[in-house]
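I opened this entry to record what I looked up in the model, going from the overall fold to the core and then to one pair of helices.

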Amino acid sequence: MKWINKLISIAVMGFVMSAPASAREDRGSTPQAQAMVKKGIAYIKKNGREKAFTDFNDAANKDFHDRDLYLFVYDMNGVNLSHGANPKMIGKNLLDLKVEGKSIIRDMITALKTKNDGWIDYQWPNPVTKALETKSSYFEKVDDYFVGCGAYK
């Protein structure tokens with residue numbers, strides 16, 4: 001009987017220890033976010049902005065929607081051109097959008113004035129959990145706009 005209890009204890013410990021790993025698999029990583037941006041930019045160059053932005057906005061398109069990863073695109077004035085998680089943002093100037101006091105879009109644009117890519121950490125609603133979570137986004141300039149994708153931490 002003691003060996004059954006030990007076996008059950010080992011099984012429970014294995015389950016508990018593997019839970020964080022499986023939870024991590026439910027989320028995209030920062031390398032995956034960066035890779036999605038690169039993939040999106042290549043797609044734009046091959047298919048043009050109009051088709052690419054339409055495909056980025058389509059939640060059913062699994063090439064540009066993976067768990068909590070999705071692409072967003074802004075012009076250098078802060079106007080949203082594409083948003084994979086919230087189509088209501090498209091066409092809106094969000095230059096002065098602040099989340100918890102941080103001017104996210106303005107900060108990305110400021111960074112892009114000195115180099116063609118960067119990372120930023122901020123709070124953003126997770127489309128899967130619906131909670132405000134810390135997000136680390138990679139963004140890269142293309143012509144007069146930039147493409148970004150972030151991973152929730």
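I took helices (H or I, at least four residues) and strands (E, at least two) as DSSP runs, numbered from the N terminus. This is a predicted model, so I noted that local features need pLDDT of at least 70 and side-chain atom pairs count only at pLDDT 80 or more, while totals for chains, interfaces and linings use all residues. Residues are numbered from 1 along each chain as its sequence is written, and side-chain values use heavy atoms, with hydrogens and water left out.

**Fold.** Along the sequence I read the pattern α-α-α-β-β-β-β-β-α-β-β-β, which comes to 4 helices and 8 strands. Of the 153 residues in the protein chain, 40% are buried, where buried means under 20% relative accessible area, exposed over 50% and partly exposed in between (1.4 Å probe, protein chains only).

**Core.** I then looked up the largest nonpolar core, and found that it has 19 residues, with Phe 56, Leu 71 and Val 147 making the most contacts inside it. Such a core is a set of buried Ala, Val, Leu, Ile, Met, Phe, Trp, Tyr and Cys residues joined through side-chain atoms within 4.5 Å. At least two residues each come from α2 (30-47), α3 (49-57), β2 (69-75), β7 (132-142) and β8 (145-152), and α2 gives the largest share, 6 residues. Apart from this core lies another, of 18 residues, including Ile 105, Phe 139, Phe 146 and Tyr 152.

**Leu 71.** Which strand holds Leu 71? I found Leu 71 in β2, and it is buried, with a relative accessible area of 0%. Setting aside residues up to four places away in sequence, Leu 71 touches (heavy atoms within 4.5 Å) residues that include Met 36, Val 37, Phe 56, Phe 64, His 83, Val 147 and Cys 149. Leu 71 and Phe 56 are 15 residues apart along the chain, and their C-alpha atoms are separated by 6.2 Å.

**α2 and α3.** The contact is made by Gly 40, Tyr 43, Ile 44 and Asn 47 of α2 and by Arg 49, Lys 51, Ala 52, Phe 53, Asp 55 and Phe 56 of α3.
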